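Dear colleague,

I am handing over the structure below, together with some notes on what was found in it. Please read them with the structure open beside you.

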Amino acid sequence: MDGRRDGDTAATTQDTGEIASPSVPSRDEGNRASLFDRRYRGTTIGAVVLVALYAFEALAVATAMPTVAQALDGLPLYALAFGGTLASSVIGMVACGPWADRRGPAPPLRHGIVWFSIGLLIAGFAPSMEVLLLGRIVQGFGGGLMSVALYVAVGRVYPPAMHPRIFASFAAAWVVPAVIGPTIAGALVQYLGWRWVFLSVPLLAMTAAACVLPALRGLGSATEHADGAGLSPHRLAWAVGAAASALALHYAGQLRHAGGAVMLAASAIALLVCAWHLLPRGTLRAARGLPTVVMMRGIASGAFFGTEVFIPLMLSRERGLSPTMAGAALTLGALGWSLGSWCRSRPSQPFTPSQLLRYGMALIVIGIAGVACAVSPSLPVGVGIVGWIAAGFGMGLLFPTLSVLILELSPPHRQGVNSSALHLCDALFTATVLAVGGSVFAALMTRAPSMAYLVGFGISAALALLGAVLASRVRPAG
């Protein structure tokens with residue numbers, strides 16, 4: 001089987017000379033079509049369900065992990081249970097890009113779902129924290145494959161006019177898990193045991209796969225002359241190095257002695273070197289066009305998630321909110337994100353991509369400032385919660401815009417590699433900001449708790465301000 005639908009032929013555009021995707025309909029058809037038209041229904045439902053399951057699993061595990069660590073006597077490995085998943089996802093993202101370009105999105109997506117499910121099963125049956133950590137690493141690898149393969153599937157299945165809508169639906173898929181995920185996870189832990197938080201997801205993931213994979217059958221290489229070399233062993237080695245450096249960086253941030261600072265600096269340098277070899281040329285200096293698009297994804301994620309992880313802790317410890325109420329702030333932020341994505345998906349868009357990115361970054365800065373105000377007991381907690389809704393709205397504007405740009409600026413046979421770079425930069429920036437912010441927080445927490453929060457929030461706000469300055473560089477010169 002040659003990977004093409006019967007009768008498909010490669011078409012070359014007159015103005016650019018790039019080879020068009022054989023399966024994508026015209027822009028006019030995309031303007032008229034619905035995500036649930038017969039041609040797209042299976043892909044839309046399956047992809048959205050996979051994103052929702054991924055979201056539920058992330059939020060549910062965050063809720064259950066304290067109980068898991070106590071049950072398995074693994075509190076020293078608590079942080080690595082999250083860092084390991086993020087680090088191993090880097091390898092999956094790097095591997096998926098050229099694989100999807102060469103074979104189409106279906107094979108890596110299928111493998112991603114399988115590895116994701118195997119990791120969950122390992123974690124669910126784990127007799128010790130070390131085995132659970134292994135399951136989380138396997139799961140992260142599968143999640144990295146899935147995230148990039150879904151982006152490539154969007155580029156191959158949907159016309160450009162529909163890209164904002166399908167990416168907005170991905171963001172909306174986080175809403176229900178954000179609202180009910182922690183509650184369901186708490187009920188599973190309380191009545192059935194923590195293992196069912198992991199064991200309940202694989203069956204649903206296989207059901208979603210049954211919807212989306214048949215719709216992707218036949219989507220092979222985007223061109224007859226697509227990059228055929230596949231994944232370079234050197235590139236895979238850099239990916240493994242990046243994953244190991246991210247793990248070391250995350251671990252070093254938890255240490256409380258001088259050796260931890262040395263390890264933190266060495267890990268950061270190693271991660272920077274690996275990133276230099278993995279990301280598109282010019283990314284770390286924000287060269288115009290696609291490199292800045294990739295860079296902006298990392299900046300946005302680092303700024304947002306570098307703040308979010310401290311919000312429940314701050315609201316519960318400093319303002320006396322219950323864990324449920326503190327978690328509600330994150331739920332409201334997720335709802336703001338969904339609302340921003342819905343606004344971004346509207347067909348008549350009065351703003352340019354650069355403007356949307358600048359406004360999104362500005363809203364993140366405003367949101368972080370509101371959260372920082374909530375540190376003070378003299379100001380209402382509501383200021384911080386409203387601020388976080390604004391930050392979520394900004395992310396809702398940013399993420400679909402960057403997703404659309406990465407496909408728009410990529411020829412069909414490079415959509416996998418470039419989508420991989422987008423997710424890779426996201427993971428690397430987030431790991432770095434969390435490690436640095438966590439290190440600063442740990443150093444200041446015992447002496448000046450309020451300052452510990454404010455310095456961490458300041459790092460994230462400065463990163464978002466940098467993103468606002470760079471927003472105009474997402475368009476190539478001319």
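Ala286 is placed in the loop between α11 (258-278) and α12, and although Ala286 is not a glycine, its phi is positive, at about 55°. Please bear in mind, here and in everything that follows, that this is a predicted model.

For the overall picture, the chain holds 18 helices and two strands, and 55% of its 478 residues count as buried. Among the contacts in the chain with a separation of 6 or more, 82% are between residues 24 or more positions apart.

Helix α12 (residues 290-308) packs with helix α18 (residues 449-470) at an angle of about 155°, and the axes of the two are 8 Å apart. Since an angle over 145 degrees counts as roughly antiparallel, α12 and α18 are therefore roughly antiparallel to each other, and the crossing in which α12 passes α18 is left-handed. On the α12 side, the residues that meet α18 are Thr292, Met296, Ile299, Gly302, Ala303, Gly306 and Thr307, while α18 contributes Phe457, Ser460, Leu463, Ala464, Leu466, Gly467 and Leu470. Sorted by class, this contact of α12 with α18 comprises eight nonpolar and six polar residues, with no charged ones.

Ser301 also lies in α12, and Ser301 counts as buried because its relative accessibility is 0%. The side chain of Ser301 is joined to that of Asp426 by a polar contact of 2.9 Å. If residues up to four places away in sequence are not counted, Ser301 touches Gly306, Met395, Phe399, Asp426 and Thr430.

A second pair of helices can be described in much the manner of the first. Helix α15 (residues 353-373) and helix α16 (residues 381-408) pack at an angle of about 155°, with 7 Å between their axes, which makes α15 roughly antiparallel to α16. Here too the crossing, in which α15 passes α16, is left-handed, and the residues of the contact of α15 with α16 divide into 19 nonpolar and seven polar, with no charged residue.

Within α16 lies Pro400, which is buried because its relative accessible area is 2%. Pro400 and Ser341 are 59 residues apart along the chain, yet their C-alpha atoms are separated by 6.7 Å. Leaving aside neighbours within four places in sequence, Pro400 is in contact with Phe167, Ser341, Arg344 and Met395.

One of those partners of Pro400, Phe167, is among the buried residues of α6. Helix α6 (residues 163-172) is mostly covered, with eight of its 10 residues buried, and these are His163, Pro164, Ile166, Phe167, Ala168, Ser169, Phe170 and Ala171.

Ala435 is placed in helix α17 (residues 415-445), and Ala435 counts as buried because its relative accessibility is 2%. Ala435 and Leu247 are 188 residues apart in sequence, whereas from C-alpha to C-alpha they are 9.5 Å apart in space. Not counting residues up to four places away in sequence, Ala435 touches Leu249, His250 and Gly253.

Ser117, for its part, is found in helix α4 (residues 106-124), and Ser117 is buried because its relative accessible area is 3%. A polar atom of the side chain of Ser117 lies 2.8 Å from the backbone oxygen of Ile113. Apart from its neighbours within four places in sequence, Ser117 is in contact with Pro202, Ala205 and Met206.

With best regards

Key: Residues numbered from 1 in each chain as written. Predicted model: local features only at pLDDT ≥ 70, side-chain atom pairs only at ≥ 80, totals over all residues. Heavy atoms only, no water. Axes fitted to C-alpha atoms, helices over the stretch in contact; angles between N-to-C directions. Helix = DSSP H or I, 4+ residues; strand = E, 2+ residues; numbered from the N terminus. Parallel < 35°, antiparallel > 145°, perpendicular 65-115°, else oblique. Left-handed = near helix turned anticlockwise from the far one by under 90°. Contact = heavy atoms within 4.5 Å. Nonpolar A, V, L, I, M, F, W, Y, C, P; charged D, E, K, R; others polar. Buried < 20%, exposed > 50% of the residue type's maximum accessible area, 1.4 Å probe, protein only. Polar contact = N/O pair within 3.5 Å; in protein donor to acceptor, adjacent residues only side chain to side chain.
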